[in-house]
Amino acid sequence: SGASAGNPHAVDAISGGTITSRGVEKMIFVCLSDYKAFIDKQLAAKAAPAATAVETAEKTDSLTMQ
């Protein structure tokens, strides 16, 4: 197995990639940790309209059932 034939960007293996990957992961975590509150707020705002739409649909259903 390994890289598929004809794929110029495929990789068969990375030697010593574990330590590098851990370092990159830590770097990203440290650099983005200052933005965590902002990211959480954006995700919550994105999820809120979906919840509102569900609540609106439930209210509409309850009105039509009366």
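The model is predicted. The protein contains 2 helices and 0 strands. Helix 1 covers residues 17-32, and helix 2 takes in residues 36-65. The protein exposes about 6200 Å², and 63% of that comes from carbon and sulfur atoms.

Now for the charged side chains. Opposite charges on side chains can pair up when the charged atoms come close. Searching the whole structure turns up 1 salt bridge. Its partners are aspartate 40 and lysine 36, whose closest N and O atoms are 2.7 Å apart. The two sit 4 residues apart in helix 2, so about one helical turn separates them.

Then there's the nonpolar patch, with about 770 Å² of surface. Its members are Val24, Met27, Ile28, Leu32, Tyr35, Phe38, Ile39 and Leu43. Phenylalanine 38, one of the patch members, belongs to helix 2.

| Residue | Relative accessible area | Class |
|---|---|---|
| Aspartate 40 | 36% | partly exposed |
| Phenylalanine 38 | 51% | exposed |

Phenylalanine 38 counts as exposed because its 51% is over the 50% cut-off. Aspartate 40, at 36%, falls between the 20% and 50% limits, which means partly exposed.

How values were computed:
Residues numbered from 1 in each chain as written. Predicted model: local features only at pLDDT ≥ 70, side-chain atom pairs only at ≥ 80, totals over all residues. Heavy atoms only, no water. Areas by Shrake-Rupley, 256 points an atom, 1.4 Å probe, with all protein chains shown as cover. Salt bridge = Lys/Arg side-chain N within 4 Å of Asp/Glu carboxyl O. Buried < 20%, exposed > 50% of the residue type's maximum accessible area, 1.4 Å probe, protein only. Patch = residues over 30% accessible without salt bridge, like charges linked within 9 Å, V, L, I, M, F, W, Y side chains within 5 Å.
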